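The chain and its coordinates come first.

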Amino acid sequence: MASSLSSKPFLGASRTDGLSGLCSISSDLRNLSSPSVQFLIRPRTLRKLQVQAAGNTYGNFFRVTTFGESHGGGVGCVIDGCPPRMPLSEADLQGDLDRRRPGQSRITTPRKETDTCQILSGVHEGVTTGTPILVLVPNTDQRGRDYDEMSIAYRPSHADRTYDLKYGVRSVQGGGRSSARETIGRVAAGAVAKKILKAFSGTEVLAYVSQVHKVVLPEESVNHYTLALDQVESNIVRCPDAEYAEKMIAAIDAVRVKGESIGGVVTCIVRNCPPGLGSPVFDKLEAEFAKAVLSLPATKGFEFGSGFAGTFLTGSEHNDEFYLDEQGKIRTKTNRSGGTQGGISNGEIINMRIAFKPTATISKKQNTVTRDKHEIELIARGRHDPCVVPRAVPMVEATIALALVDQLMAHYAQCHMFPINSELQEPLRVTEVEAAEEAALHS
């Protein structure tokens, strides 16, 4: 009979301490051993502790690291894992960056930034090389003096205090790393991810504003099978229903002139998602979506499929019954599951809702505490959105696209290296004809 013993040193313990402990154990066991019992002592190789990217990197196969701060020299991202030989230019990214940029209407922050991107690596003669892609967006309209008071006092419901607690130092101007300008890197990377998804499997990611404060767009008002980007972009609040868009804009205007803020909800859908994405148990697709979108600034809630409303239904009311469509494919009559079952995509439209809190910075006097622990009153300065949801739409699309392309690569690598089981599995690619037929059935 043989047994192996190993010793795991505590952090901070020296190599000598760990090895001397092993030697001591080895000596004691040799004294206790008999001809019929042998203990094999294998020395363990001690590894150095490695810390990776400290929360600034997302993804396993399609890896994105964002960098930069609100009032620094610029912001951007490094994309690692992008497939080679794909056509890519700054113009492919700029459209979504323009949708995200500040100063685009009266209901957004007045900060003026063009958010013009530069691709500095990973693209040669108009195609991706498979090497890391560096995207940089310079900051051009910084006003650091607006934040002089915030260098000594904590803004209510901001990350000022928690950054001090964690790091013992922080970049004061514009909120530094906690600013929504960090999302520029995500939106740029998300534009690349959306291009991959569209080209490979015809997958589309679309988001829109479905609630601003107490103005709630009825779910039946939007046809998710036919929803188009131009409908979302038809007004400054990014609600595809003109009547409710006007009500939402009026609600934002009402608080904007008072120096107040309000929150809202962004609905996001994914069409033509390949079935099979997501893995049990910790990497379920909706779990990946939740992590992605809840990492966005100001997010406070996430609903998938029927969400919390599903708790009011019985099992027979909530279950999505199966049927065979005209092409002989297995489909579901309803979609309360939201496009996944068991955490794996089933080919139906994926739908989710993300709640955003009211913007923390407002122009009203509030009580707070200084860094040296004195209670004071503070009027926060700087330029901020009275409601973040209109500009959050491209941010949500980007984060969902990043999660999807990462899961697509994982699924392809594991489950499509060999010929699929055609009796049970479906191809990952959806043709444009198939997508058009699907939309026509529900128009």
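Val 212 stands opposite Val 215 in β11. Strand β10 (residues 204-212) and β11 pair in the antiparallel sense over two bridges; strands count as paired if DSSP finds at least two bridges between them. Helices (H or I, at least four residues) and strands (E, at least two) are DSSP runs, numbered from the N terminus.

The model is predicted, with local features requiring pLDDT of at least 70 and side-chain atom pairs pLDDT 80 or more, while totals for chains, interfaces and linings use all residues. Residues are numbered from 1 along each chain as its sequence is written, and side-chain values use heavy atoms, without hydrogens and water.

**Sheet with β10**

The strands β11-β10-β12-β18-β13, in that order, form an open sheet of five strands with antiparallel pairing. At its edges are β11 (215-216) and β13 (299-304), each of which pairs on one side only. Axes are lines fitted to C-alpha atoms, for helices over the stretch in contact, and angles between N-to-C directions run from 0 to 180 degrees.

| Helix | Strands touched | Angle |
|---|---|---|
| α7 (residues 285-294) | β13 and β18 (350-356) | about 160° with β13 |
| α9 (residues 389-415) | β10, β12 (264-271) and β18 | about 145° with β10 |

**Sheet with β4**

Another open sheet of five strands has antiparallel pairing and the order β3-β4-β5-β9-β6. Because β3 (57-58) and β6 (118-121) stand at the edges with a single partner strand each, one side of each has no neighbour in the sheet. Six bridges join β4 (residues 63-68) to β5 (residues 74-80) in the antiparallel sense, and Arg 63 stands opposite Asp 80 in β5. Helix α4 (residues 183-201) lies across β4, β5 and β9 (133-138), at about 35° to β5.

**Rings and cysteines**

A charge sits over a ring if NZ of Lys or CZ of Arg is within 6 Å of the ring centre and within 35 degrees of the ring normal. The charged end of Lys 166 sits over the ring of Tyr 167, 5.6 Å from its centre; for Lys 247 over Tyr 244 the distance is 4.6 Å.

The structure holds zero disulfides, a disulfide being a pair of cysteine sulfur atoms within 2.5 Å. The sulfur of Cys 77 is too far from the closest cysteine sulfur, that of Cys 117, for a bond, at 9.2 Å. Cys 77 is buried at 0% relative accessible area, and Cys 82 is buried at 3%. Here buried means under 20% relative accessible area, exposed over 50%, and partly exposed in between (1.4 Å probe, protein chains only).

Methods
Contact = heavy atoms within 4.5 Å.
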